[in-house]
Amino acid sequence: MSTFIGYRCSLCVTQYLPGQVTYTCPKDGGNLDVELDYDAIRKKYQPEDITSRRDFSLWRYEPLLPVGVPKGEATPLHLAGWTPVFGLPRLAEKLGLKHLWLKDESRNPSASFKDRASAILVARAQEINAEVVVTASTGNAGAALACMSAAIGQKAIIFAPKSAPPAKVAQLLIFGAKVILVDGTYDDAFDLTVKAADEFGWYCRNTGYNPFTAEGKKTAAFEIWEWWTAAQKQEAPVSTQTPLTVFVSVGDGNIISGIHKGFKDLLALGWIPVMPRIIGVQAEGSAAIANAFQANTEEITPVSARTLADSISVDLPRDGVRAVRAAKETNGTYIKVSDDEILKAIAELGRMGIFAEPAGAASYAGLVKAAAAGVVRSDDPILVLNTGSGLKDVKAAMQAVVEAPVIKPTLSALKKVL
Ligand SMILES: *Cc1c(COP(=O)(O)O)cnc(C)c1O
Ligand SMILES: [Zn+2]
């Protein structure tokens with residue numbers, strides 16, 4: 001039984017049936033929200049029917065997803081999601097906070113949050129018998145699509161800017177995707193991908209264009225809900241009245257929209273008592289969504305993006321309106337951080353045993369600023385997301401640390417540098 005009943009445009013609220021549209025609203029180009037039959041879900045499932053499952057991947061949430069689990073044995077596609085949450089007591093103390101955790105999305109099969117979206121997308125591609133899937137990507141979305149596709153033998157084509165970090169390009173190639181490097185920005189690659197998909201009949205995964213990516217990303221909200229429900233039972237001092245505050249780094253705005261959608265699903269089902277607070281973090285040099293939020297408008301004005309956090313470097317965010325709402329409708333906000341603050345955050349997380357790429361550490365950099373500015377209070381329970389692994393961008397990582405000394409292999413040389 002599928003509970004996927006259609007789409008609703010986030011701008012003009014027109015509803016469409018599942019087979020009627022594929023990407024954005026034909027009337028105004030608005031992003032489409034996937035609609036589920038909440039009554040049918042509620043009739044059939046209790047929260048415990050989900051939380052007692054032995055499937056430790058995002059597929060444990062199949063009853064709340066618009067696609068079925070792809071058949072076959074466990075592959076990376078079947079094992080996306082279910083990432084760990086770590087406590088950060090030393091950083092909490094430093095920031096004057098009582099309750100701080102980090103959810104580590106670098107533990108996904110291709111080492112970023114994007115696997116959630118791509119897993120659902122590839123499942124959808126199989127259901128509609130798409131021969132080829134294609135995406136534009138700054139690197140991670142492509143690596144995720146290439147990985148999930150390789151896992152079950154789906155053909156994938158990836159368009160990335162030629163400036164993408166080498167490790168990400170290596171992932172694309174190793175996973176056997178057809179890789180096209182575009183002499184231009186991510187935004188140029190995005191527009192070309194849409195045209196190419198149209199011309200050749202490929203199924204396009206583009207972020208903020210295909211409505212299924214947010215449905216994959218919402219599974220992080222479901223995991224946060226399960227973890228937080230369990231954590232509150234164990235941690236008596238954490239009041240159930242204070243909502244959890246979640247920090248998310250934002251580029252196109254699809255992760256933050258997806259997480260918001262997940263919490264909205266849970267609220268509609270009556271499975272969470274309060275909406276968590278969602279705080280978006282953007283790089284100063286790529287802050288079109290934060291700018292709109294701060295100007296209290298849903299009008300997204302493009303910027304000329306410049307930041308070392310390549311995964312959140314976007315001129316025109318493709319999911320900007322829903323991303324503004326994610327903060328606005330949850331009593332959250334947006335915070336901008338500089339590249340220097342991001343590099344500091346990489347180093348601080350590193351000292352806790354967590355290796356984040358620049359976009360992954362941006363959320364923690366945002367928390368540092370939010371704590372100093374009083375945007376969060378000392379007893380607020382806070383979760384930051386690390387969205388990607390530091391191994392994906394070693395060049396940026398080396399800017400966050402002092403290089404190691406090179407010495408002659410003698411004790412006297414060693415004594416000089418100790
Ligand atoms: C894609 C990405 C983001 C931002 O996600 P959006 O949906 O573009 O806002 C953040 N961090 C990492 C590591 C990413 O790959
Ligand atoms: Zn519309």
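Cys 12 is partly exposed, at a relative accessible area of 29% (buried means under 20%, exposed over 50%, partly exposed in between, using a 1.4 Å probe and protein chains only). This is a predicted model, where local features need pLDDT of at least 70 and side-chain atom pairs count only at pLDDT 80 or more, while totals for chains, interfaces and linings use all residues. Residues are numbered from 1 along each chain as its sequence is written, and side-chain values use heavy atoms, leaving out hydrogens and water.

Asp 28, like Cys 12, sits in the partly exposed class, with 34% relative accessibility.

Turning to charged pairs, the whole structure holds 23 salt bridges (a side-chain nitrogen of Lys or Arg within 4 Å of a carboxyl oxygen of Asp or Glu). In one of them, Arg 116 pairs with Glu 223, with the closest N and O atoms 2.8 Å apart. Arg 116 is buried at 0% relative accessibility, and Glu 223 is buried too, at 4%. Asp 319 and Arg 322 also meet in a salt bridge, 2.9 Å from N to O. Asp 319 is buried at 0%, and Arg 322 counts as buried at 9%.

Key:
Chains are lettered from A and ligands numbered from 1 in the order in which they are written.
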